[in-house]
Amino acid sequence: MNPVSTPSPAVSTPLLEDFSLEMTGKDVPKLEEAAGLIPQGTRVNVTFLGNESLRMRLDAARAVKRLGFVPVPHISARRLGSRAAFEQFLAGLRDGGTGTDVFTVGGDPARPEGPYEDSLSLIESGLLQEYGVRHVGISGYPEGHPAIAEDVLWSVLRGKNAALAAQGLDGNVITQFGFDVDPVLTWIEQVRDHGITLPIRVGVPGPAGVRRLMSYATRFGVGTSASIAKKYGLSLTNLMGTAGPDKFLRALAEGYDRGRHGEVKVHFYTFGGLKATSEWIVQFRKEARA
């Protein structure tokens, strides 16, 4: 297996001063293993998967807090079977002191399992504030969504932005990951043109095997043409190799202009594991500052 490419020491890393990470409810042992590599206070998103129980999700959020990080539990609208299930989850988060920050998402099921069709319905329910939520993350799709038309995506994003403001909630946008910086920066400018000033966290894959990265890209409709792969550093002829996001982050830092793009940070999808991603970030920041 080829080693992950080494970050360039010439890179400036202001976008990485407050990065965030993602884990599943089953990843608590992996987070404990990586904890010493992650700055205290780092935001750690905890996904809401269909094969995980309520207790697993709540315990994972509490583990994030216990280890000195900020838990950001996901709430999947279409996976909630009832209002009672929604309130039970929110109450569990509140009781564990892990419910001030959440991330709302529609979720994978094609049809809602209960009364909530999308993340907007969660925001507009009024239950988030009632149970102590203060900050809500929402999704962004720089390269579009395989099942949602572009005009609908923009309408939904504007709607969620307006709903957060109406409900008195702070928020941010976390984007789907990608391998090409250009559409990401263009999309962020469009977001600002739509009057949306929420901070944006650009989704970035942590270092992982090429085969795994390609699999996730196919699943989420992320572009992987030969030119994009080359730009990112993916070898489409060596699926057993690995790739890290150093080229992507260099290009992001070079193209980022706070005046045009507003507040932008980085969110790591830990496809290759929490420890591997955390080790990579430590090395990237160390060499970039050298």
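Is histidine 261 buried or exposed? In this predicted model, histidine 261 has a relative accessible area of 0% and is therefore buried, the limit for that class being under 20%. The residue belongs to helix 11, which covers residues 258-261. Leaving aside residues up to four places away in sequence, histidine 261 touches Leu185, Ile188, Glu189 and Arg192, together with Gly255 and Tyr256.

When residues up to four places away in sequence are not counted, the contacts of glutamine 167 are with Ile123, Glu124, Gly126 and Gln129. Between glutamine 167 and arginine 134, the separation is 33 residues in sequence and 9.9 Å in space, taken from C-alpha to C-alpha.

The packing of helix 2 and helix 3 was then considered. Two packed helices are described by the angle between their axes and the distance between the axes. For helix 2 (residues 54-66) and helix 3 (residues 83-95), the axes come within 10 Å and cross at roughly 30 degrees. Angles under 35 degrees count as roughly parallel, and helix 2 and helix 3 are therefore roughly parallel to each other. Their crossing is right-handed. On the side of helix 2, the contact is made by Leu54, Arg57, Leu58, Ala61 and Arg62, and on the side of helix 3 by Gln88, Phe89, Gly92, Leu93 and Asp95. By residue class, this contact of helix 2 with helix 3 comprises 5 nonpolar, 2 polar and 3 charged residues.

Helix 3 was also described individually. With 13 residues at 1.5 Å a residue, helix 3 should span 18 Å, and its end C-alpha atoms are 18 Å apart, which agrees with that expectation. The expected span is 1.5 Å times one less than the number of residues. Buried positions in helix 3 are Phe86, Glu87, Phe89, Leu90, Ala91, Gly92 and Leu93. Phe89, Gly92 and Leu93 are also among the residues that make the contact with helix 2. Glycine 97 follows helix 3 and has a positive phi, near 70 degrees.

Note on methods: Residues numbered from 1 in each chain as written. Predicted model: local features only at pLDDT ≥ 70, side-chain atom pairs only at ≥ 80, totals over all residues. Heavy atoms only, no water. Axes fitted to C-alpha atoms, helices over the stretch in contact; angles between N-to-C directions. Helix = DSSP H or I, 4+ residues; strand = E, 2+ residues; numbered from the N terminus. Parallel < 35°, antiparallel > 145°, perpendicular 65-115°, else oblique. Left-handed = near helix turned anticlockwise from the far one by under 90°. Contact = heavy atoms within 4.5 Å. Nonpolar A, V, L, I, M, F, W, Y, C, P; charged D, E, K, R; others polar. Buried < 20%, exposed > 50% of the residue type's maximum accessible area, 1.4 Å probe, protein only.
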